[in-house]
Amino acid sequence: MSNYYTQRNNKNLETIERLLDELPAFCYDYFLAIDSQTSTLTRLNYAHDLRIFFYYLQEKKFRKHKSINEITLTDLEQVSSNDIDYFLGFLSHYSFYGKEHTCTERAKARKLSSVRAMFKYFFNKNMIAVDNASKVLTPKLHEKPIIRLDKDEVFNILEVAENGDGLSPHQQIYHDKTRTRDTAILMLFLGTGIRISELVGLNNEDINFKDNSFIVTRKGGNKSILYFDDDVAEALQRYLDYKEKNYDDLKEPTALFISNNKSRLTVRAVENLVNKYAKIVSPLKKISPHKLRSTYGTQLYRATGDIYLVADVLGHKDVNTTRKHYAAISDDNRRGVVGKVKLKREEDDFED
């Protein structure tokens, strides 16, 4: 049986091994130590971040007198908190192996977190005498506006996926082949709030129409059972019927959502199809699969008022993460007070 998550983890491990060859030798010990406490995706992000950090040290601190592979733990001890502050400034706009890059404040914070974790490990192991990374302040993070579809836009995006109105002539050519699949995907996002990685990892056997449930693999590899309503069930059944009648010799027979080339649909492909329909119904909003997840979370919270239930359904480990999705609720409340306080006399005020 094809296992999407096993394949993804194996690919991540291969990339990590390749990146480790570009890092100082002591990084092997660090990645080996965190292997059992972190996911392959977390370690992959660490490897990418540390690669940029050591590139910076090679270019700016050691002035190319040392290659990255030649940097030692003694050298790491000499990296001051000021050096790391300069690194964060460097990330605002930098050239990395011939390509120009910029980092947002959140991207800077993540890279600083990766650097801190490495310094902390070697300091706790008494392999360096000082942890200067711990002295560096995290960049101030500004709250991002919560973007999601309103009720009418939810109806409209599903209608566009179904009938194809507003698509370009080129997009219309493929629409008849993809309409049932795309509608089922949008219904699943908007009706359950699952993550894009959870959606592309679904297999046929994960769906149970007897009780309208399905199994998802959450972050960290834990599995959860979620439920969907009859509208989502109908969309999924229509898609499965279409797939059975029109596709054979599938490259990944177990995959639930497949592309036109008969392989498992990729994350990038799902992002593109969501963007395609969202631009038609809401051109001023940058709607992604994650924004559809926020749309579901907002509507579920409005319907239940139970933040802990919403956190559980969305798979958030920390309820404070869930709260961030509902700044929009507070905004609606603030709008609702408009006009409650009168600044001008009304006719009744002049009557005896």
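How many residues lie between E4 and E5 in their hairpin, and which residue in the turn has a positive phi? There are 5 residues between the two strands, and Gly220 has the positive phi, about 90°.

This is a predicted model: local features need pLDDT of at least 70, side-chain atom pairs count only at pLDDT 80 or more, and totals for chains, interfaces and linings use all residues. Residues are numbered from 1 along each chain as its sequence is written, and side-chain values use heavy atoms, with hydrogens and water left out.

**The sheet**

Helices (H or I, at least four residues) and strands (E, at least two) are DSSP runs, numbered from the N terminus. Strand E4 (residues 213-217) pairs with strand E5 (residues 223-227) in the antiparallel sense, over 5 bridges. Two strands count as paired if DSSP finds at least two bridges between them. Phe214 stands opposite Leu226 in E5. Ile215 has Ile225 of E5 as its bridge partner. The open sheet has 3 strands in the order E3-E4-E5, with antiparallel pairing. Its edge strands are E3 (207-208) and E5, each pairing on one side only.

Two packed helices are described by the angle between their axes and the distance between the axes. Axes here are lines fitted to C-alpha atoms, for helices over the stretch in contact, and angles run from 0 to 180 degrees between N-to-C directions.

| Helix pair | Axes come within | Crossing angle |
|---|---|---|
| H8 (residues 169-192) and H12 (residues 289-304) | 6 Å | roughly 45° |
| H8 and H11 (residues 267-281) | 10 Å | roughly 100° |

Angles under 35 degrees count as roughly parallel, over 145 as roughly antiparallel, 65 to 115 as roughly perpendicular and the rest as oblique. From H8, Leu186, Phe189, Leu190, Gly191 and Thr192 make the contact; from H12, Pro289, Leu292, Thr295 and Tyr296 do. Contact means heavy atoms within 4.5 Å. These residues divide into 6 nonpolar, 3 polar and no charged. Ala, Val, Leu, Ile, Met, Phe, Trp, Tyr, Cys and Pro count as nonpolar, Asp, Glu, Lys and Arg as charged, and the others, Gly among them, as polar.

H8 and H11 are therefore roughly perpendicular to each other. H8 residues in this contact include His175, Arg181, Asp182 and Phe189, and those of H11 include Val270, Lys276 and Tyr277. By class, the contact has 7 nonpolar, 3 polar and 3 charged residues.

Ile196 is found in helix H9 (residues 196-200). Ile196 touches Phe189, Val267, Val270, Glu271 and Pro289, leaving aside residues up to four places away in sequence.

**The second largest pocket**

This pocket has a volume of about 420 Å³. A pocket is an open set of points on a 1 Å grid over the protein atoms alone, where a 1.4 Å probe fits, with protein on both sides within 12 Å along at least five of seven lines; lining residues have an atom within 4 Å of a point. Of the 15 lining residues, Val154, Leu190, Gly191, Asp229 and Gln299 are the closest to the centre. H7 (151-163), H8, H10 (230-246) and H12 each supply at least two lining residues. H7 gives the most, with 5. The lining divides into 9 nonpolar, 2 polar and 4 charged residues.

How values were computed: Grid points are joined across faces, edges and corners, and a volume is the space filled by probe spheres set on the points.
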